[in-house]
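Please keep the sequence and the three-dimensional view at hand while reading.

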Amino acid sequence: MKEEEFALIERILDGETDLYAHFVTNYNKDIFQLAFQLTKDRELSEDLTQDIFVKGFLKLSSFQQKSQFLTWLYRIAYNLIVNELRKRKVIFSHFDDEVISHEEIDEIDDFFDKKETEHRYQKLDEALQTLSKDEYVLILFHYYEQKTIDEMAFITEQTAANVKVKLFRIRKKLYNIMRYE
């Protein structure tokens, strides 16, 4: 698929601009879902989805074929959505690096590896609602979209190490919320 997309992009850049509809058709749902997950606003998500595809088209010549097209488009989407939320005063927090012990990692991993019950799913859903937008987007990319650490780093313009630390902290936060409720 990757090579087919690269060939399609070359044709679009050579003037067959109507072929861009292929990407809109195939990735519209993915981009809309990301926007909706972060904004919780259907109309805004629809507007952002259109803006993302327009910006993707306008920046298509900067696509360097180092990633899949959808990953590149997610980066554009993430930046546009975050900027829009910041304009609307939705807070995105930042993390500092910290040392993490192996015991702490094992304890949290054990907690999340247990067989889930309906009650635990409900608690997890409630805990997810407490996350900031930037925390939630990392969970969304990692667990729901199954993006790699490197892809998430590319999309969010962070280092892979920073993404790993953030994911650990988010899991720890969820663990603490669920354990003590």
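The points below go from the overall fold to the nonpolar core and then to the charged residues.

The model is predicted. The chain has 9 helices and 0 strands, and 43% of its 181 residues count as buried.

**Overall fold**

- Read along the sequence, the elements follow the pattern α-α-α-α-α-α-α-α-α.
- Of the contacts between residues at least 6 apart in sequence, 69% join residues at least 24 apart.

**The nonpolar core**

- In soluble globular proteins, nonpolar side chains tend to be buried together.
- In this chain, the largest nonpolar core contains 48 residues, and L34, F69, L73 and I81 have the most contacts inside it.
- At least two residues of this core come from each of α1 (2–13), α2 (21–39), α3, α4, α6 (118–128), α7, α8 (149–156) and α9.
- Helix α4 gives the most to the core, with 11 residues.
- Which residues does I81 contact, leaving aside its neighbours within four places in sequence? They are L34, A35, L38, T39, L48 and I52.

**Helix α8 and the residue after it**

- The buried residues I149, M152, A153, I155 and T156 lie in α8.
- Seen down the axis of α8, its buried residues fall within an arc of 165°, so they line one face of the helix.
- Just after α8, E157 has a positive phi of about 60°.

**Salt bridges**

- Side chains of opposite charge can pair when their charged atoms come close.
- The count of salt bridges comes to 5, and three of them are described here, beginning with the pair E46 and R42.
- The side chains of E46 and R42 form a salt bridge, with an N to O distance of 3.8 Å.
- E46 and R42 are 4 residues apart in helix α3 (residues 42–58), so about one helical turn separates them.
- An α-helix has 3.6 residues a turn, so residues three or four places apart point the same way.
- E46 is partly exposed, at 38% relative accessibility, while R42 is exposed, with a relative accessible area of 51%.
- K87 and E84 also form a salt bridge, and their closest N and O atoms are 3.9 Å apart.
- Because K87 and E84 are 3 residues apart in helix α4 (residues 69–87), they too are separated by about one helical turn.
- K87 is exposed, with a relative accessible area of 64%, whereas E84 counts as buried at 17% relative accessibility.
- In the salt bridge between E135 and K173, the closest N and O atoms are 2.9 Å apart.
- This pair links distant parts of the chain, with E135 in helix α7 and K173 in helix α9 (residues 160–180), 38 residues apart.
- E135 is buried, with a relative accessible area of 6%, and K173 is partly exposed, with a relative accessible area of 29%.

**A buried lysine without a salt bridge**

- K133 belongs to helix α7 (residues 133–144).
- Is K133 buried or exposed, and what is the nearest side chain of opposite charge? K133 is buried and has no salt bridge; the nearest side chain of opposite charge is that of D134, 9.9 Å away.
- A polar atom of the K133 side chain lies 2.6 Å from the backbone oxygen of L38.
- L38 is also one of the residues in contact with I81.

Conventions. Residues numbered from 1 in each chain as written. Predicted model: local features only at pLDDT ≥ 70, side-chain atom pairs only at ≥ 80, totals over all residues. Heavy atoms only, no water. Buried < 20%, exposed > 50% of the residue type's maximum accessible area, 1.4 Å probe, protein only. Lys, Arg positive; Asp, Glu negative; His and termini not counted. Salt bridge = Lys/Arg side-chain N within 4 Å of Asp/Glu carboxyl O. Polar contact = N/O pair within 3.5 Å; in protein donor to acceptor, adjacent residues only side chain to side chain. Core = buried A, V, L, I, M, F, W, Y, C linked by side-chain atoms within 4.5 Å. Contact = heavy atoms within 4.5 Å. Arc of directions from axis to C-beta.
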